[in-house]
Amino acid sequence: MNTPARLGAYALGLVVIFGGALGAGNAVGATGPAPAAEAHTTHATPAASQAGEHATHTEPAPNPAATGEPVPGGLQVSQDGYTLLPQATTLQPGKTTDFRFSVIGPDEKPVTAYRTEHGKKLHLIVVSRDLGSFQHLHPEPTGDGVWSVKLTVPEAGTYRAFADFAPEGGRGLTLGIDLQAPGAQEPEALPATSRTATVDGYTVTLDGELTPGASSKLTLKVGKDGGPVTDLQPYLGAYGHLVALRAGDLAYLHVHPDGEPGDGKTPPGPQITFYAEVPSRGDYRLFLDFQHEGTVRTADFTVRAGELPAPATTPSPAAATPTASASHGDHEH
């Protein structure tokens, strides 16, 4: 994927749960706003006016531990006895690193048996904390439960790495951990909400609304040169993959496909439809991977779920206290 945007759209319908493509995970984190996409790593800098007009808005989510509700995926480094363990957490900006990590199981040994999901046994999503850089990578096993992938982050800052996998005999999980790229960093503002994304000459439009706590239908339509793209190519067994991240804490959501290319009912474009359920009001970044003419591209959007409450205002002293002249006038009358 490129810088400056798992959606599965086999069928025109997929159901997603906050927490997992190949499985929902839970993780600890924090977060900020962001820029957007380009080919297959995403990094885009919003216009100055746009950055100034749009700040990150996210309703604070209730503490899952207190409510008994499941923790959204990607916010925890450890869940169900499984722990994401990187060999190093420091990256050099602009330099390719052989990033290696393991998943430690309940038996305190590296996990070596995984189920294949969407053509891979493990998917690695790496995003900058301001949600401006996005990469969907596929590490390879090197033996003894160690995974390896070539990783390049575009600039200094904090990044979140999500390991999306399903261990044999267990449910799917998404675990997350922060990575640091030393150097001066200037987080970008979250791009303004938009229904259209462009990447490498393609235009992707988004139709549908995110409704907190309910299943929401999202339809993405891919076009090029003014016409619809009707020959999308399968990518990891689907016509598209969608990842959603909540601004503010980077809670992770991944869509699962409901059909598959060649099943006689799933058209290869131009429309790809998903059903997503988000847990709270706020801003979300959506990243859509799709393949056409042999190249995978990423389109990205900022979408708001629900209406945000108006900020509280406090009357100014001048407004709350009558001026001397006003008091005097009232007294005279």
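This is a predicted model: local features need pLDDT of at least 70, side-chain atom pairs count only at pLDDT 80 or more; totals for chains, interfaces and linings use all residues.
**View 1. Strand 5 and strand 9 run antiparallel.** Here we zoom in on residues 97-104, which form strand 5, and residues 146-151, which form strand 9. How many bridges join strand 5 to strand 9? There are six. To find your way around, look for Ser-102, which stands opposite Val-146 in strand 9.

**View 2. Phe-162 is a buried residue of strand 10.** Strand 10 covers residues 157-165. Phe-162 counts as buried because its relative accessible area is 0%, and the cut-off for buried is under 20%. Leaving aside neighbours within four places in sequence, Phe-162 is in contact with a list of residues that includes Gly-74, His-123, Leu-175, Leu-250 and Tyr-252. Gly-73 lies 89 residues from Phe-162 in sequence, yet the two C-alpha atoms are 9.0 Å apart in space.

**View 3. Aromatic rings pair up in the structure.** A search of the whole structure turns up six aromatic pairs. One of them joins Phe-99 and Phe-101, whose ring centres are 5.6 Å apart. Their planes meet at 35 degrees, so this pair is tilted. Are these two residues buried or exposed? Both Phe-99 and Phe-101 are buried.

**View 4. Three aromatic residues form one cluster.** The members to look for are Tyr-114, Trp-147 and Phe-165.

Definitions and conventions: Residues are numbered from 1 along each chain as its sequence is written. Side-chain values use heavy atoms; hydrogens and water are left out. Two strands pair if DSSP finds at least two bridges between them. Helices (H or I, at least four residues) and strands (E, at least two) are DSSP runs, numbered from the N terminus. Buried means under 20% relative accessible area, exposed over 50%, partly exposed in between (1.4 Å probe, protein chains only). Contact means heavy atoms within 4.5 Å. Rings of Phe, Tyr and Trp (its six-membered ring) pair if their centres lie within 6.5 Å; planes under 30 degrees apart count as stacked, over 60 as edge-to-face and the rest as tilted.
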